[in-house]
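Visitor: Could you walk me through this one, beginning with the aromatic side chains?

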2 protein chains.
Amino acid sequence: MPLVPRSRLIVALDLMDGYEALSIAEKLGGIADAIKVNYPLILSAGLDIIKDLKKHGNVVADFKVADIPNTNSLICAQAFKAGADAIICHGFAGSDSVKACIDEASKYGCEAYVVTEMSHPGAVEFLQPHAFELVELARRAGASGIIAPATRPERLADIRRKAGKMKILAPGVGAQGGEARRAIDAGADFIIVGRGIYGADDPYEAALEFIEQLRR
Amino acid sequence: MPLVPRSRLIVALDLMDGYEALSIAEKLGGIADAIKVNYPLILSAGLDIIKDLKKHGNVVADFKVADIPNTNSLICAQAFKAGADAIICHGFAGSDSVKACIDEASKYGCEAYVVTEMSHPGAVEFLQPHAFELVELARRAGASGIIAPATRPERLADIRRKAGKMKILAPGVGAQGGEARRAIDAGADFIIVGRGIYGADDPYEAALEFIEQLRR
């Protein structure tokens, strides 16, 4: 199912233990718009964990897909067959590689999101100088949205202006230093929070606090 | 174990079926210097297939790792724990992301290889203009080697001149149009062949033919 901004919160379950991930997803009780999973969890728990997580809401497979088109198609097909609602791919591997992900997403009624810039320091070396071109690539290829960093709200605002109707998912909120409200004000449709929620004593309460910040 | 060029052949088992992959690895009988696995196989067969493939030679985990440093470390750690001898990461995500992979490889006595350019058409858009910078990034970070395309031998030769002592793995030989001998002449230490071997009626004979081309 396509992502629809209600709470505007996506929870990144950056964990290695499948049971822990499922337990937190259950505690969240559908309060977030989606759960984001990454390879560390998939490699340890297996791809089928997506099926279980799906019971608690939409699942975004943050696989940062960045291979040749044929391999990208195969990776995406497996993620969607396992139940993922959306996949995250890199734009810098080129428009044919991105198109392969988007085409595969279309077949399953799912979505593909393209990374334009990331939240870590090294992202300024090669990604940031090309961020606008990657936004344009994503738009032309027909991506549902893009990924842009909550840690750099001024960049996020610039990217928002170029992104047209594409949805923006902004990682880096909380432990990485990004502020939820500022990211939304800068134009993000969703913020992605990891440790700040899964690492909290009460993940539900922590999620609720983020959602309240977003409503203010 | 670090990759040592003997046959100079790496076989890419770009398959989705674990039993088929194992059967081909067995047929190859250690004739190749390594077997390369990618996510489509890992997602369908599970990470543990690396342990089984390892009985037939070195295993390169071609995960094109391209995330934030912490996530990269976690992905690499799992690949090495499962028995991978080397990991392939992207340079584009920045030097801190690459360093995370190299540091994790060191802990396990394993290797990290950095993608500088790829063999598909879209690689000319963002990767190719930065290929030399990515070679330099890999060298400074202490990578064991880099990935450069057999499909563009003139580029491979340029990259060889910048790569110093780093090993070069060249994908795209066979079905994608690259020629084995030309890639080695241009400076590759290993060529990577997929379909041309796993898709052959007799994978062992096909591998032997490639190895003979490399010796000529």
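**Aromatic rings and the two chains**

Guide: A:Tyr39, A:Phe63, B:Tyr39 and B:Phe63 are joined into one cluster by ring pairs. Rings of Phe, Tyr and Trp (its six-membered ring) pair if their centres lie within 6.5 Å, with planes under 30 degrees apart called stacked, over 60 edge-to-face and the rest tilted. This is a predicted model, where local features need pLDDT of at least 70 and side-chain atom pairs pLDDT 80 or more, while totals for chains, interfaces and linings use all residues; side-chain values use heavy atoms, without hydrogens and water. Residues are numbered from 1 along each chain as its sequence is written, with chains lettered from A and ligands numbered from 1 in the order written.

Visitor: OK, how many aromatic pairs are there over all chains?

Guide: The count comes to seven. One of them is A:Tyr39 with A:Phe63, which is stacked at 4.2 Å centre to centre and 15° between the planes. A:Tyr39 belongs to helix α2 (residues 39-45) of chain A and A:Phe63 to strand β3 (residues 58-65) of chain A, 24 residues apart. Helices (H or I, at least four residues) and strands (E, at least two) are DSSP runs, numbered from the N terminus.

Visitor: What about the rings of A:Tyr39 and B:Tyr39?

Guide: Their centres are 3.6 Å apart and their planes at 10°, so that pair is stacked. The pair crosses between chains, from helix α2 of chain A to helix α2 (residues 39-45) of chain B.

Visitor: Are A:Tyr39 and B:Tyr39 buried or exposed?

Guide: Both are buried, meaning under 20% relative accessible area with a 1.4 Å probe and protein chains only; exposed is over 50%, and partly exposed lies in between.

Visitor: And which residues does A:Phe63 touch?

Guide: Leaving out residues up to four places away in sequence, its contacts include A:Val37, A:Ile42, A:Leu47, A:Ile88 and, from the other chain, B:Leu43. Contact means heavy atoms within 4.5 Å. In the largest nonpolar core, which has 182 residues, A:Phe63 and B:Phe63 touch the most other members. Such a core is a set of buried Ala, Val, Leu, Ile, Met, Phe, Trp, Tyr and Cys residues joined through side-chain atoms within 4.5 Å.

Visitor: Switching topic: what is phi of A:Lys64 near?

Guide: Near 40°, a positive value in a residue other than glycine. A:Lys64 is in strand β3 of chain A, and its 11% relative accessibility counts as buried. In chain B, phi of B:Lys64 is near 45°, and that lysine is buried too, at 10% relative accessible area.

Visitor: How can chain B be laid on chain A?

Guide: By a turn of 180° and a shift of 0.0 Å along the axis, with an RMSD of 0.0 Å; that is the relation of a two-fold axis. In chain B, the C-alpha nearest the axis is that of B:Gly46, 3.2 Å from it.

Visitor: Where does the charged end of A:Lys162 sit?

Guide: Over the ring of A:Phe132, 4.9 Å from its centre. B:Lys162 lies over the face of B:Phe132, also at 4.9 Å from the ring centre. The rule asks for NZ of Lys or CZ of Arg within 6 Å of the ring centre and within 35 degrees of the ring normal.

How values were computed: Least-squares fit on C-alpha atoms with pLDDT ≥ 70 in both.
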